[in-house]
Amino acid sequence: MKLLDLVGGTPLVTLRSGVHAKLEYLNPGGSVKDRAALSMVLAAEESGALRPGGTIVEGTSGNTGLGLAQVAAARGYRMVCVLPDKTAVEKLDALRAYGAEVVLTPSALPKEHPNQVVAYAARIARETPGGWWADQYGNPANPAVHLRTTGPEIWEATEGRVTHFVATIGTGGTISGTGRFLKEASDGRVQVIGADPVTSSYNGGDGSPFAIEAAGHYVHPQTVNDPWPDSYHRDVVDRVVAVPDRASIVACRTLARTEGLLVGGSSGTAYAVASSVTGDCVVVLLPDSGRAYLSKYHSDTWCRRQGFLDGELSAFVSPVVSVPVGTPVAEASRALSESGQPALPVVLAGRSDRFPPAAGEVLALLTASELSGAGTVGPAASPPVGLGVGEPVVDALERFPDGEVAHLVCDGRLAGLVTRGALRAGEH
């Protein structure tokens, strides 16, 4: 048996809640994306698009890149991965361990920007002799492998008793292929449910950033046209349920501590939905391992700093007036004066006001003395550092950025302003 023969055939285990969990992190590369990676490479070899000694290129949040890097190492290809600069460090280290070349690009770029993750990968593939772009978002071999393997495995393991299938939606390949098989095998009886970060556009969110990697659909506010992936077959999915980031993170941490399952954030998203579904046989697909997120979702420090755990700074949470980048200085100055705030956050333009700006969308924090003259407000040379509501006051004071005012972060989003003086008072 060869390594790649181990892809697929993952177990289905019954949790205390009665939900049946498909443990895709037991694939040799650590995630469900091993299936798509191998399927896409084999299809490319068969078609002649990928030739011996060629270079595999992909834009990814990490898991597909890891699957492709594994296949590349096993089959003798060079591998280049383009990833957002906020990808978990464990994924970057794992890619490099496989011998892949890692190219980081800013995470908040519009789809039309040449350095946006997918566009950048496609360009590298075009400019590289022997380059082949995997294109997981549009490659039919992605959903096809789940129609051929994942769906049948679930059907066989449940002896055809499955009534509900829950999975997150990233490229859409997993839920589309698996869901289609289960619907066809059951004559439409199986309900297919998508679990989605609350701001993702799949469930009707505004597309603003979310904390969960490998799930959801982000839409940059300056993107002109951003259709959903061809790998996502919407006709297969009966409904999509929105899950707040905090609920996803709590769920993945809870699975580790109550079930012994060390899984990633998107697994938490899926389980948060599956655990609330009423059905005779509910199956949830857990796509990846928590070992790739020890510095994020399973880190108390990270969770406190991102405000996913409550703490001493929660008392400072309050509504905040902000202005988008490009606002005239005079208008911004007036907004600050009328708000009574000690500073004015400048945020990425173009979002709806349905959700507070994500922490990463706070581009500057301006005081009254900085709002003078003509022109418009723009981003700071270095984006301001937010303080998480879960941090102890003493830790927050040590991290307090330059100046007398900082912004607060709760559930990864702008949640208030705090002065150094107020924190010092709270210290006592």
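Arg35, Ala36, Ser39, Met40 and Ala43 in helix α1 meet Ala141, Asn142, Val145, His146, Arg148, Thr149, Thr150 and Glu153 in helix α5. Contact means heavy atoms within 4.5 Å. By class, this contact of α1 with α5 holds five nonpolar, five polar and three charged residues. Ala, Val, Leu, Ile, Met, Phe, Trp, Tyr, Cys and Pro count as nonpolar, Asp, Glu, Lys and Arg as charged, and the others, Gly among them, as polar.

This is a predicted model: local features need pLDDT of at least 70, side-chain atom pairs count only at pLDDT 80 or more, and totals for chains, interfaces and linings use all residues. Residues are numbered from 1 along each chain as its sequence is written, and side-chain values use heavy atoms, with hydrogens and water left out.

**Helix pair.** Helix α1 spans residues 33–47 and helix α5 residues 141–157; they pack at about 125 degrees, axes 8 Å apart. That makes α1 oblique to α5. Angles under 35 degrees count as roughly parallel, over 145 as roughly antiparallel, 65 to 115 as roughly perpendicular and the rest as oblique. Axes are lines fitted to C-alpha atoms, for helices over the stretch in contact, and angles run from 0 to 180 degrees between N-to-C directions. Helices (H or I, at least four residues) and strands (E, at least two) are DSSP runs, numbered from the N terminus.

**Four-stranded sheet.** An open sheet has the order β5-β4-β3-β6, with parallel pairing. Two strands pair if DSSP finds at least two bridges between them. β5 (101–105) and β6 (131–133) are the edge strands, each pairing on one side only. Neighbouring strands are turned by 20 degrees against each other on average, direction ignored. β3 (residues 55–59) and β4 (residues 78–84) pair in the parallel sense over five bridges. Glu58 has Cys81 in β4 as its bridge partner.

| Helix | Strands touched | Direction angle |
|---|---|---|
| α2 (residues 63–75) | β3 and β4 | about 170 degrees with β4 |
| α3 (residues 89–97) | β4 and β5 | about 150 degrees with β5 |

**Three-stranded sheet.** A second open sheet runs β11-β12-β13, with mixed pairing. β11 (323–324) and β13 (362–366) each have a single partner strand, so one side of each is left without a neighbour in the sheet. β11 and β12 (residues 344–347) pair in the parallel sense over two bridges. Pro324 stands opposite Val347 in β12.

**Annotation.** UniProt, in an unreviewed entry, places "domain: Tryptophan synthase beta chain-like PALP" at residues 5–287. Such annotations may be inferred rather than shown by experiment. The span is 36% helix and 17% strand, and its end C-alpha atoms lie 19 Å apart.
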